[in-house]
Amino acid sequence: MWKKYLHIVTLCIFIFSLYGCIEYFEHAGVKTVSGLLVVEGTIDHEETIIKLSRSGYIGATIAEYEYVENAEVYVESRDGF
């Protein structure tokens, strides 16, 4: 009984996975909004690394990313250090 139930559930999951996403969807703002400042980084006890770049559209290649250079970035803790 359990094997038959398991086979039916497995078959249903397989069928639904084939027909999961029927229509392609892309948000309208993805291609129109660009140039926003993106701040990404890692804060560690020994080293802090911050990268600044400008946002682009989702289909851009790495070569098309606009990195911000020679910027002054200050990282301050709750203690003020």
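**Exercise 1.** Does tyrosine 5 count as buried or exposed, and at what relative accessibility?

*Solution.* The model is a predicted one. Begin with the location: tyrosine 5 belongs to helix H1, which covers residues 2–18. Next, take its relative accessibility, which is 52%. The cut-off for the exposed class is over 50%. Tyrosine 5 is therefore classed as exposed. Finally, consider its surroundings: together with Val9 and Ile13, Tyr5 makes up a nonpolar surface patch. The accessible area of these three residues together is about 300 Å².

**Exercise 2.** Determine the order of the strands in the sheet and explain why S1 and S3 are edge strands.

*Solution.* First, list the elements: the protein chain has two helices and three strands, and along the sequence they follow the pattern α-α-β-β-β. Second, arrange the strands: they form an open sheet ordered S1-S2-S3, with antiparallel pairing. Third, count partners: S1 (37–43) and S3 (66–67) each have a single partner strand, so one side of each lacks a neighbour in the sheet. In one assignment, arginine 54 has glutamate 66 of S3 as its bridge partner.

**Exercise 3.** Describe the burial, surface and contacts of the protein chain as a whole.

*Solution.* Start with burial: of the 81 residues in the protein chain, 5% are buried. Lastly, take contacts between residues at least 6 apart in sequence: 16% of them join residues at least 24 apart.

Technical notes. Residues numbered from 1 in each chain as written. Predicted model: local features only at pLDDT ≥ 70, side-chain atom pairs only at ≥ 80, totals over all residues. Heavy atoms only, no water. Pairing = 2+ DSSP bridges. Helix = DSSP H or I, 4+ residues; strand = E, 2+ residues; numbered from the N terminus. Patch = residues over 30% accessible without salt bridge, like charges linked within 9 Å, V, L, I, M, F, W, Y side chains within 5 Å. Areas by Shrake-Rupley, 256 points an atom, 1.4 Å probe, with all protein chains shown as cover. Salt bridge = Lys/Arg side-chain N within 4 Å of Asp/Glu carboxyl O. Buried < 20%, exposed > 50% of the residue type's maximum accessible area, 1.4 Å probe, protein only. Contact = heavy atoms within 4.5 Å.
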